Amino acid sequence: MSERQPGGFILGATMGDCVHVAGILGFLRLAEAQGYRTHFMGTRTSTEELIEAALESDPDIIALSYRLSPEVAGALFSDLARELSEAGLGDKKLVFGGTSPVCAEAEDSGLFEAVFDGGSTVDEILAYLGAEGTDAADEMPPQSLIERIRMRYPHPLLRHHYGRPTLAETEAGIARIADARILDVISLGPDQNAQAAFFRPEEQDPRQDGAGGVPIRSPKDLRRLRDAARRGNHPLLRCYSGTRDVERFAEVLLESIENAWAAIPLFWYNVLDGRGPREVEVSIRESRELMRWHAERGVPVEVNDPHHWSLRDAPDVVAVAAAYLAALNARQVGVGDYIAQLMFNTPPGTSFAMDLAKMLAKLDLVRELERPDFRVWKQVRTGLFSFPADLDMAKGQLAASTVIQMAVQPHIVHVVGYTEADHAANADEVIESTKIVRQVIKESLVGLPDMTADPSVAERRAELVAEARVLLDAIRSLDPLGEDPLTDPTVLARAVKLGLLDAPQLAGNPAAAGEIQTRMIDGCCRAVDPDTGRPIDEGRRLRTLGY
């Protein structure tokens with residue numbers, strides 16, 4: 001496969017009687033993202049029409065597609081080669097895309113300098129187009145998250161969580177996934193012993209080794225996993241933060257696996273969710289300092305708070321306000337590249353339309369914080385609790401949710417294995433899940449209807465933005481003379497304790513109010529009056545709390 005520098009003009013068409021355009025249009029869009037000018041002549045283009053257009057426009061590359069009979073394709077290729085030669089265009093560079101049997105004919109013809117079938121990867125196509133850092137020609141792709149995003153967009157990076165009960169199985173699985181060249185980012189899932197007691201081996205419970213993830217016990221273990229990923233398409237590695245000794249653990253992750261980005265909760269991983277012994281205010285302070293620590297080292301930061309509220313049945317407005325608080329606190333401590341995570345399908349019962357409205361509302365508020373030194377990168381994922389236990393049905397859920405996620409034009413898709421409701425995915429299931437998502441993305445990039453323009457989506461989006469502002473103002477009122485109450489750990493902890501930020505599943509938790517009641521109504525999660533069960537707006541809810 002020839003290497004080239006990006007740029008130039010590509011003339012595209014389908015050959016013979018072929019009317020299938022998804023593949024070639026996807027190719028042309030990737031080319032445009034790399035700086036090429038393109039023109040698609042249309043379907044069922046005759047050889048004569050193609051020759052005439054090529055003589056007139058003098059393209060640098062002619063891109064052709066045909067997905068019908070391989071026998072007919074062979075004859076088309078012979079005719080095209082002859083007529084190109086007769087027209088003095090025999091030195092033109094041609095590229096072809098089609099089904100595997102037709103691509104075999106294309107390879108045999110010797111007419112094309114590159115041939116792509118349905119199994120070809122985006123990285124292989126980008127390498128042909130000359131995208132910097134692509135790996136199809138045995139060149140290591142960018143080992144920086146932001147560089148990799150910029151190389152691939154509008155095609156999002158793909159990430160999957162992975163961690164098996166033993167280090168050896170996890171190591172072998174990472175190598176298998178890397179060789180499959182299917183994921184850009186492998187998120188290591190450490191077991192609970194590692195998250196809570198990595199530096200305190202005397203506190204680890206051997207009976208819990210491998211519970212919930214890979215039993216990482218030393219930097220050497222992490223380096224083994226990093227080395228396993230240095231093959232194939234060289235996926236980036238990242239790992240979830242610890243719940244204790246968080247800065248020490250961050251240092252280990254950065255040194256050992258070059259942690260691609262940090263995922264740091266603002267309100268969680270403490271007594272609020274039972275994942276650690278820290279009080280809420282203490283953990284907020286430590287989380288902000290951990291964000292600052294990463295910011296000083298140029299590491300992107302994800303604050304994975306909003307979906308934690310939704311996982312506990314908080315009303316949508318709390319999740320939207322939490323998205324703003326997460327981004328604001330990250331910016332305030334100096335984060336430059338912020339990963340805005342959007343978990344769809346949460347809580348269960350959320351409709352696709354209202355889910356999209358909620359995510360758009362979150363992005364509306366977060367984007368208000370953007371500036372040259374605070375860049376927002378969108379990451380989407382399917383909801384953890386949305387998968388049915390039936391694995392065939394779960395595959396459908398994964399695909400359907402991904403279609404809706406593509407409406408926000410994400411930079412990263414966090415693939416959640418279709419096995420989520422039954423068991424943690426093994427390497428083969430990670431690859432299978434990712435293939436499902438890749439196909440959805442491929443078709444979506446050809447063209448989706450504008451789901452954001454749906455009137456019900458637009459109405460709910462505006463409602464959530466307005467109500468989130470009411471909630472944020474109420475939190476500010478807890479310290480009206482403060483310089484910036486929304487970044488003050490004391491104020492934020494009080495907002496949880498007093499019930500401004502609340503969720504039904506926090507009932508009985510001494511660190512929270514736990515008094516709010518919610519219901520799924522018309523696909524939305526709304527706060528309701530505890531006496532009548534009827535929905536109430538945010539202003540009325542806050543007035544019952546005295547704000």
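A pocket is taken here as an open set of points on a 1 Å grid over the protein atoms alone, with protein on both sides within 12 Å along at least five of seven lines; its lining residues have an atom within 4 Å of a point. Grid points are joined across faces, edges and corners, and a volume is the space filled by probe spheres set on the points. The model is predicted, with local features needing pLDDT of at least 70 and side-chain atom pairs counting only at pLDDT 80 or more, while totals for chains, interfaces and linings use all residues. Residues are numbered from 1 along each chain as its sequence is written, and side-chain values use heavy atoms, without hydrogens or water.

The second largest pocket has a volume of about 770 Å³. Its lining comprises 35 residues, with H161, Y240, R275, L384 and E420 nearest the centre. Strand β6 supplies the largest share of this lining, four residues (strands are DSSP runs of E, at least two residues, numbered from the N terminus).

Turning to the interior, a nonpolar core is a set of buried (under 20% relative accessible area, 1.4 Å probe, protein chains only) Ala, Val, Leu, Ile, Met, Phe, Trp, Tyr and Cys residues joined through side-chain atoms within 4.5 Å. The largest such core has 63 residues, of which F267, L272, M291, W309, Y338, I475 and L501 touch the most other members. Helix α13 gives the largest share of this core, twelve residues (helices are DSSP runs of H or I, at least four residues). Apart from this core lies another of 49 residues, among them I177, L183, F249 and L342.

Beyond four places in sequence, Y338 has contacts (heavy atoms within 4.5 Å) that include V301, A323, F374 and W377.

Technical notes:
On a 1 Å grid over the protein atoms alone, a cavity is a set of points where a 1.4 Å probe fits but cannot get out, and a pocket is an open set with protein on both sides within 12 Å along at least five of seven lines; lining residues have an atom within 4 Å of a point. Buried means under 20% relative accessible area, exposed over 50%, partly exposed in between (1.4 Å probe, protein chains only).
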